[in-house]
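The sequence and the structure are shown first.

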Amino acid sequence: MNMETSQAGMGNTVMCLLTDPEGTNLGSAMYIPQTAGPLQLTQLVNKFLNNEEMLPYSFYVSDEELLVPVGTYLEKNKVSVEKVLTIVYQQQAVFRIRPVNRCSQTIAGHAEAVLCVSFSPDGKQLASGSGDTTVRLWDLNTETPLFTCKGHRNWVLSIAWSPDGKHLVSGSKSGEICCWNPKKGELDGSPLTGHKKWITGISWEPVHLSSPCRRFVTSSKDGDARIWDVTLKKSLICLSGHTLAVTCVKWGGDGIIYTGSQDCTIKMWETTQGKLIRELKGHGHWVNSLALSTEYVLRTGAFDHTGRQYSPNEEMKKALERYNQTKGDSPERLVSGSDDFTMFLWEPSVSKQPKKRLTGHQQLVNHVYFSPDGKWIASASFDRSVRLWNGVTGQFVTAFRGHVGPVYQVSWSADSRLLLSGSKDSTLKIWEIRTKTLKQDLPGHADEVFAVDWSPDGEKVVSGGKDKVLKLWKG
């Protein structure tokens, strides 16, 4: 045995091929020592890519993270040294987010269930919408209520911050839209009318396409989506074409609007005249949720972990830079979750055929969400599980089990290392991606948790639900 170990130490090598997540090779196959682990591979990749400063990378062999020297991996998994070992490298976030583990504040204020929560793009402000018809803004420094925004006639079902942080828009069960000034907590003009039934989703035009932010799109149970201008206070274009309720809407980074509907289709629209570009078909039941691989940068615009402020011109430049960095050379990807228990991964700019069908859930898929780096997809289902998929290939990675009720919503930490889920079982759970295990169980709510959000700066988590309170969680 000793002889073998000393031989291994003498420099046994293995033939490796480094590729990026898209499958593009970094140079050709090469011999590396079996003693090389993630640290040596990181140095190698930085050298090959001529990076000016050392960037952190993680490495994967057949979708499993490589955390040990290559030789140890080969031995443990009984892989032949004769074969070329393909190692996928993936750049990691330069910063680390602490897992939240305690409830720092429980804030009462809403008179009915909290239905939606959202942090502002810079993570400094927090908004919530409730069954009591109000939108509330909260002071995150003192962890107390700041403004109560009155203007809706019915439950507030959806809220969305503009990616420059200057506007907050909310939609209600009666179909009206309210625009708020988040600095003052006041209604900006009168409510916008046009939709005949309740609002199911709101999405802003990305700041790298237009700054300051003006246009946003809403989807409704009435079968239409509408593009509005927050400055002109009116509906610019009505996107009609779906035959049943539109359940979700996303404004993509390439300037295309995606709508998902109960008519089982996803439609793509251009935004100058509202023309239908393409239809994505495949689902056998309602489409419930859509997510884009670039969603995190679209949501945060020019705001990053450094917290710098920019003028509108610089803001557009910075946002574009961040968008391009996240997108890389590959097309923007879309994932859809449905009542047919399945999901589809699409590259809509390339093909109207899905890239992959993601099966495994045993109940309807309620919410889908890409990690900020686009490497993972998380899905929440009524089968009580959260599933993790490869965000590039759509390959199944693992199922997180622990909730004892339907899982309503998921949210990612800014560094893509942790995943948060909220459930009907009244708990929040934090899952660690690297180890694929439950990192933290967060009980505390007295009833179902409808909405969760992890602040873009990674500092805090918010949750709200049937017990009418907001809970703030910290690390």
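This is a predicted model: local features need pLDDT of at least 70, side-chain atom pairs count only at pLDDT 80 or more; totals for chains, interfaces and linings use all residues.

Apart from its neighbours within four places in sequence, Ile32 is in contact with Asn12, Thr13, Val14, Cys16, Leu41, Leu44 and Val70.

Ile32 also belongs to the largest nonpolar core, which has 20 residues. Together with Leu18, Phe59, Leu66, Val70, Leu85 and Ile87, Ile32 is among the members that touch the most other members of this core. Several elements contribute to it: strands β1 (13-19), β2 (30-33), β3 and β5, along with helices α2 (38-48) and α3 (70-76), each supply at least two residues.

How many aromatic pairs does a search of the whole structure find? The search finds eight. Tyr57 and Tyr89 are both buried.

Why is the pair of Phe344 and Trp346 described as tilted? The ring centres of Phe344 and Trp346 are 5.4 Å apart and their planes meet at 50°; an angle over 60 degrees would count as edge-to-face and one under 30 degrees as stacked, so the pair is tilted. Phe344 and Trp346 are likewise buried. Elsewhere, Phe382, Tyr408 and Phe450 make up one aromatic cluster.

Lys173 is placed over the face of Trp155, at 4.5 Å from the ring centre. In the case of Lys375, the charged end sits over the ring of Trp376, 4.8 Å from its centre.

Four strands, in the order β31-β32-β33-β34, form an open sheet with antiparallel pairing. Its edge strands, β31 (407-412) and β34 (437-442), each pair on one side only. From one strand to the next, the twist averages 25°. In general, the strands of a sheet pair through backbone hydrogen bonds, in either a parallel or an antiparallel manner. Here, β31 and strand β32 (residues 418-423) run antiparallel and are joined by five bridges. Within this pairing, Ser411 stands opposite Leu420 in β32.

Notes: Residues are numbered from 1 along each chain as its sequence is written. Side-chain values use heavy atoms; hydrogens and water are left out. Rings of Phe, Tyr and Trp (its six-membered ring) pair if their centres lie within 6.5 Å; planes under 30 degrees apart count as stacked, over 60 as edge-to-face and the rest as tilted. Buried means under 20% relative accessible area, exposed over 50%, partly exposed in between (1.4 Å probe, protein chains only). A charge sits over a ring if NZ of Lys or CZ of Arg is within 6 Å of the ring centre and within 35 degrees of the ring normal. Two strands pair if DSSP finds at least two bridges between them. Axes are lines fitted to C-alpha atoms, for helices over the stretch in contact, and angles run from 0 to 180 degrees between N-to-C directions. A nonpolar core is a set of buried Ala, Val, Leu, Ile, Met, Phe, Trp, Tyr and Cys residues joined through side-chain atoms within 4.5 Å. Contact means heavy atoms within 4.5 Å.
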